[in-house]
Amino acid sequence: MKCFAGPGSLFTLWKDTIGNGKAGTKAQCVKSALSVLKDGKSVFIDRCNLDREQRAEFLKLGSAQIDVHAVMLDLPTQLCISRSVKRTGHEGNLQGGKAAAVVNRMLQKKELPKLSEGFSRITFCHNDAEVQAALGAYSGLGPSDGLPPGCFGQKSQDAKVQVGIMKFLKKAEGPSPVVSKVNSNQSVASIGSSEKKDSSLEREQMPILPNAPQKEESKGKEDAVQAIDNDVCTLAFPSISTADFQFNLEKASDIIVETVEEFVPKLGNARLVLVDLTYESKILSLVRAKAAKKSIDSSKFFTFAGNIIELSTKGGLNCNVIANAANWRLKPGGGGVNAAIFKAAGADLEKATNERVKSLLPGSAVVVPLPSTSPLYNREGITHVIHVLGPNMNPQRPNCLNNDYNKGCMVLRQAYTSLFEGFLSLLKLQEKSVTKRHEEFLHHSGHGPDKNVANGDLKNKRDDAVVSISSKKSRGSGDEVETHITRPRTGNSDSGTQTTNSGMTKAWGSWAQALYHIAMNPERHKDDILEILEDVVVLNDAYPKAQKHILILAQARGLDCLADVHEVHLELLRRMHAIGLKWVEKFLHEDSQLVFRLGYHSAPSMRQLHLHVISQDFNSVHLKNKKHWNSFNTAFFRDSVDVIEEVNKNGKAMIKDDESLLSMELRCHRCRSAHPNIPRLKSHIQNCQVPFPAFLLQSDRLVRAPDSN
Ligand code: AMP
């Protein structure tokens, strides 16, 4: 156990040493922690805390003033075992061959910590760098500093690795968890690690960090809910009427907590976050304490210190919806949140707002979709702003309620209710679209309503509804990902990819993130890029499947693939198409014989929406297999012109994500003749002069030099 008492004063009291050199007991550990906490200091408890039961004892140390954090050292099992075997002089004498067996046994019992146990923050560390980052985050805290609540860095368990380790050891293991606690003034943090043995084993310091946790699939719903956090639909909202309009903070915090309490059960996997600029803000601490008293699920509602317009980029908290404490005329300016949001969102927000409504009554709210051209959309991934107007208690302002708190409270409650209802309406919309998408997938993939689909995936669908951005299907087409093609199709935590029985994949593996990283930070990849535009990046495909093969990459956050595209993206799709055509023109200028097709893969292998612009010679060493060919020459390839039309008409594009399309027999894209293998197909298409099929000749699906038509 470790106790932090402000910078520079670190006490190490771990359980094996707490008893004056003899192995200590848990009771001694709790007692020491209590006494340190009473002194107003923070405590760091370093022990295995493998399961919920072991952690529960320490969680009881928490209170409205004392947050409990967990830092989970989820290091590779093999590493834990080998470290424990190699160590010498361990206080609990768990070392050598004996340690391996114990660690092995313990790791099998591992139960990952959850926010629902009562932690306000959980950090998962999977390697030494993350451990160091966590250490840095905690050791850098001053006496009155805190860390934001939430679950950070969790990824799925890797069943395959566990099995490997079992073989390695001829016995098998699994890692162990951790516990900790912290508060704004004092903090108790305890750590569990994969590396520990039973409850009497300790060691190793670690701390915190990363974000963007992955969704867990293999472990059942309850865990999945917790694991998704940073991809969850989130409404970030400021306290309304308390700053400019000077509403009484005690009353305002009561109203916030009561209204949140009413809405939390309706949120599904979504969450609400009350935001203020500093962690020490009075309204945040009042709300934190009151929410804790009411035992409101801290994974569904928590407070966060940060600027509402920079939560993702500066705070690592992804929120797709933010609330604006608006003025009644819904105009920029004034100050505070309203001024900041309008400024950050640019003219787009004002225009989109005015198109919907011109003014707002106190207690009401309006949901405004943020155009994808808005900097707030692109930079922070915010898709909607909900303007909300509260009561005015400030005598300096017109229409003040003159201290009439009866009326004021009523209006403030109405304001939060309108706000949360607006957010719920968005969740419902999203749920509908995901349901449809899923049905389409079942239809096109030929997956019947078998038991798994009916019981498992439809349930997922409900959860995915609020996290639709993380609902992906990954069918590789690129050999860039040869490694991924050979990966197991289920529960691969190494890649971060998890696939259900029906082939639905929930997250992108690290191999699939290259385009995403380029889109997010194009300036770091200048050498690979042909052109950087306002919201689009153009680059050569790194593994071109034809003489000319480029990608038009969207930069918008939350736009991972075609399934994420909605009518708000129509302009973007048109722009991407136009940019593609511009490049085609350039290529045709260099070689007028080329013919191009522009389109999207139904289920891309790489994250971040990208349009393929590809010449139809398919003359490339990188075109190596059936999957490559069929991903560009079956219905799996969705022509950009069709996508635009469908999104224009139906608000979404058709996704033809059928595994069988990629394994179809190899047929020439011109004459449709069948070929036994890629070399034979390639030698055929080099000479085939048959006109392209009528389907491709229609609707400008093929683009060629004007005089060649
Ligand atoms: P898709 O299956 O639609 O996701 O296609 C992804 C495309 O990205 C493939 O054509 C790959 O060859 C290409 N690709 C993969 N990695 C990179 C990279 N780092 N830079 C550029 N293109 C890439």
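Figure 1. I256 is buried, its relative accessible area being 0% (buried means under 20% relative accessible area, exposed over 50% and partly exposed in between, with a 1.4 Å probe and protein chains only). The residue belongs to helix 9 (helices, H or I of at least four residues, and strands, E of at least two, are DSSP runs numbered from the N terminus). The model shown in every view is predicted: local features need pLDDT of at least 70 and side-chain atom pairs count only at pLDDT 80 or more, whereas totals for chains, interfaces and linings use all residues. Residues are numbered from 1 along each chain as its sequence is written, and side-chain values use heavy atoms, with hydrogens and water left out. Apart from its neighbours within four places in sequence, I256 is in contact with F237, S239, L274, I283, V287, F301 and Y416 (contact means heavy atoms within 4.5 Å). The C-alpha atoms of I256 and A291 are 9.2 Å apart in space, although 35 residues separate the two in sequence.

**Figure 2. The crossing of helix 9 and helix 10.** Two packed helices are described by the angle between their axes and the distance between the axes. The axes of helix 9 (residues 249-263) and helix 10 (residues 282-293) come within 9 Å and cross at roughly 45° (axes are lines fitted to C-alpha atoms, for helices over the stretch in contact, with angles from 0 to 180 degrees between N-to-C directions). Helix 9 and helix 10 are therefore oblique to each other (angles under 35 degrees count as roughly parallel, over 145 as roughly antiparallel, 65 to 115 as roughly perpendicular and the rest as oblique). The crossing of helix 9 and helix 10 is right-handed (the near helix is turned clockwise from the far one; a left-handed crossing has it turned anticlockwise by less than a right angle). Helix 9 contributes L249, E250, A252, S253, D254, I256 and V257 to the contact, and helix 10 contributes K282, I283, L286, V287, K290 and A291. By class, the contact of helix 9 with helix 10 comprises eight nonpolar, one polar and four charged residues (Ala, Val, Leu, Ile, Met, Phe, Trp, Tyr, Cys and Pro count as nonpolar, Asp, Glu, Lys and Arg as charged, and the others, Gly among them, as polar).

**Figure 3. The contact of helix 2 with helix 3.** The axes of helix 2 (residues 26-38) and helix 3 (residues 52-59) come within 10 Å and cross at roughly 30°. That angle makes helix 2 roughly parallel to helix 3. The contact is formed by K26, C29 and V30 of helix 2 together with E53, Q54, E57 and F58 of helix 3. These residues of the contact of helix 2 with helix 3 divide into three nonpolar, one polar and three charged.

**Figure 4. V613 in strand 18.** V613 is found in strand 18 and, at 0% relative accessibility, counts as buried. Leaving aside neighbours within four places in sequence, V613 is in contact with K548, H549, I550, I552, G580, V584, F596, R597 and L598. V613 and L551 are 62 residues apart in sequence, yet their C-alpha atoms are 6.1 Å apart in space.

**Figure 5. Helix 21 and the elements that cover it.** The buried residues of helix 21 (residues 640-650) are S640, V641, D642, V643, I644, E646 and V647. Their cover includes helix 19 (570-590), strand 17 (595-601), strand 18 (610-615), strand 19 (637-639) and helix 24 (694-697). G651, with a positive phi near 80°, follows helix 21.

**Figure 6. H628 and the backbone of K624.** H628 is found in helix 20 (residues 626-633) and counts as buried, at 0% relative accessibility. A polar atom of the H628 side chain lies 3.0 Å from the backbone nitrogen of K624.

**Figure 7. Two serines with positive phi.** S241 lies in the loop between strand 8 (234-238) and helix 9, and its phi is near 70°, a positive value in a residue other than glycine. At 7% relative accessibility, S241 counts as buried. S699 is located in the loop between helix 24 and strand 22 (702-704), with a positive phi of about 55° although S699 is not a glycine. S699 is partly exposed, with a relative accessible area of 45%.

**Figure 8. The protein as a whole.** The secondary structure comes to 24 helices and 22 strands. Of the 709 residues, 56% count as buried. Among contacts between residues at least 6 apart in sequence, 72% join residues at least 24 apart.

Key
A polar contact is a pair of N or O atoms within 3.5 Å; within protein, one must be able to donate a hydrogen and the other to accept it, and residues adjacent in sequence count only if both atoms are side-chain atoms.
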